[in-house]
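Welcome! Please take a look at the sequence and the structure before reading on.

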Amino acid sequence: MKVAAWATFAALAAQIQARPQPVLYEISTRPWLYSLAQQGVPANCGMYVCLKDVPQSEWQRLADNKVDMVWLMGVWQLGTFGPNRDKSNIESWRGDLPDIQPDDIIGSPYAVQSYTVNSDFGTNADLAAVRSTLRELGMKLMLDFVPNHGAVDSLFKPETFIQRPSSGGFADNWWITAGGHNFAYGRGPYDGPWTDTLNYNYWNPETVETMTKVLIDIASQGDAIRCDMGMLILNDVIQKTWGGVMQANGFNRPSDEFWGKAIAAVRRQYPETIFMAEAYNYDFTNPPEKQMLQNLGFDFVYDKTVLDTLDSSNLDNVRGYIRSQSQDFFAHTAHFVENHDEQRSAKALKGPEQAFAGAVIASTIPGLRLFYFGQFEGFTAKLDVQLRRAVKQQPNTALAKQYNALLSVLADEIFHTGSWTFIDTTHDGSAWRLSAWRWRSADGTKKRLVVVNFSDQQGWASIQVADAEAPTDEISVKELLTGTVYKRKVSDMKSSGLTCGLEPWSAQIFSYDHPQAEGQLLV
């Protein structure tokens, strides 16, 4: 029996071996469980559907959409301080949710009291069952780690946190008195203070030991870990943010970075664990923060620059940034047009068409492809992390079908293990409106061409496809988002180019596989 069980586990582990540059789907866990209850799923956990009662069809839908990994954002236990503080500021959320009620305020999932599953909707055993379900469907589970700060009513020892020195001219709004101690609120060099949190002290070796154990425990419960604001605990960033406080308290800068030691410790026990960092460059470190985190062991680091260039509506900025980066750098970054921190893409990019075209750009360059709960439906109302719901909206079913088609395209192995090449387009006529790149499988039999018009007018261009090839001069070119098939000349594609005409805010993804990929013999 034990042998059979081990064989089953081994087969399952092989089935969900980490795919390079995966598709990640983020779910705001508590709002999702609340929304399921509103849809009529039995809510046996108060306002929420219990984690263990999520219908199998919800997980199956994600598997059918070719999702590689599910990020259950916000599963950990919260205290009462944060939610109560937030309820006292109810008017601050009325702009996003005009009919807000006190019960809508559930507290930030980034003010973690303890790294156990939130008792409002489940247990650690329930989370383990979800992980098992995802594995059976060929998906992995990502969980949060909030390294910089914990809840004001955290269960960790007081020594885990930065405390106010007995002397020194430090800003009064940095501190809160709790349990007889004067603690530092969580903050960064330019952000915060976040007044529902306390800042951990990574220059205290006991904190390093404690948080390393936490990270190992999270790795035992999930396949991947998303690390919030990962750059904040780099030593150079701590020096800029808290250097004077650390010196006044007698703490010396460590010789090693926490991340390097902690990630190594995790991988000694759980070598397949995937690490993703939310991170932004302050240029306090050398190399810059995002590159340093990659060097310290992170598999993926946020690259919000893609979204920022799209939001700027400057095509030269979009193309210039994408052209300037290597496949190796991009392959270790995470790209998105929305997540829980950002405005909904259909609002930020000024429409569902713009949002989808932007999503094609973000998901067809190398790297992890991050999509967010509600993105496929085209929702525009912001879902604040402290709230259980946003303004109710009707889903955009046509947009959801477009996303289904895109995810089906992205499921092909070529976007995960192939080589990527940026293609320069001319500025003749309206050609400047189009951006293009191509993918090629390792054996050269599969090929994809991505063309996007991220502009407000029609664009036409001849896109040179230098690696087109076939036994004869004729080749089938299939547009994968619509299924339309064209016959074109290989010689034209390689010389003058493939003529593409795209409507405003639209994308086309072509396959031009070598016929051998379709089972034909080469002659």
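## Before we start

A pocket here is an open set of grid points with protein on both sides within 12 Å along at least five of seven lines, and its lining residues have an atom within 4 Å of a point. Please keep in mind that this is a predicted model.

## The largest pocket

The largest pocket holds about 800 Å³ of space. Its lining is made up of 24 residues, and those nearest the centre are Ser35, Gln39, Phe373, Phe379 and Gln393. Two elements give two or more residues to this lining: helix 2 (29-38) and helix 3 (56-64).

Which element gives the largest share of the lining of the largest pocket? That is helix 2, with 6 residues. By class, the lining of the largest pocket contains 12 nonpolar, 5 polar and 7 charged residues.

## A closer look at Pro31

Is Pro31 buried or exposed? Pro31 has a relative accessible area of 10%, and buried means under 20%, so Pro31 counts as buried.

Several contacts of Pro31 reach along the chain: leaving out residues up to four places away in sequence, Pro31 touches Ile106, Phe373, Leu383, Leu387 and Arg388. One of these, Phe373, is also among the residues nearest the centre of the largest pocket. Pro31 and Arg389 are 358 residues apart along the chain, yet their C-alpha atoms are separated by 5.7 Å.

## The second largest pocket

About 530 Å³ of space lies in the second largest pocket. Here 21 residues form the lining, with Ser108, Trp194, Asp341, Val385 and Gln386 nearest the centre.

Strand 9 (residues 194-199) provides the largest share of this lining, 4 residues. Sorted by class, the lining of the second largest pocket has 8 charged, 7 nonpolar and 6 polar residues.

## The nonpolar cores

Now for the cores. The largest nonpolar core has 142 residues, and Leu72, Phe145 and Trp259 are the members that touch the most others. Not counting residues up to four places away in sequence, Phe145 touches a list of residues that includes Tyr115, Tyr202, Met211, Val214, Leu215, Ile218, Phe258 and Trp259. Arg226 and Asp228 are also among the residues that Phe145 touches.

Notes
Residues are numbered from 1 along each chain as its sequence is written. This is a predicted model: local features need pLDDT of at least 70, side-chain atom pairs count only at pLDDT 80 or more; totals for chains, interfaces and linings use all residues. Side-chain values use heavy atoms; hydrogens and water are left out. On a 1 Å grid over the protein atoms alone, a cavity is a set of points where a 1.4 Å probe fits but cannot get out, and a pocket is an open set with protein on both sides within 12 Å along at least five of seven lines; lining residues have an atom within 4 Å of a point. Grid points are joined across faces, edges and corners, and a volume is the space filled by probe spheres set on the points. Ala, Val, Leu, Ile, Met, Phe, Trp, Tyr, Cys and Pro count as nonpolar, Asp, Glu, Lys and Arg as charged, and the others, Gly among them, as polar. A nonpolar core is a set of buried Ala, Val, Leu, Ile, Met, Phe, Trp, Tyr and Cys residues joined through side-chain atoms within 4.5 Å. Buried means under 20% relative accessible area, exposed over 50%, partly exposed in between (1.4 Å probe, protein chains only). Contact means heavy atoms within 4.5 Å.
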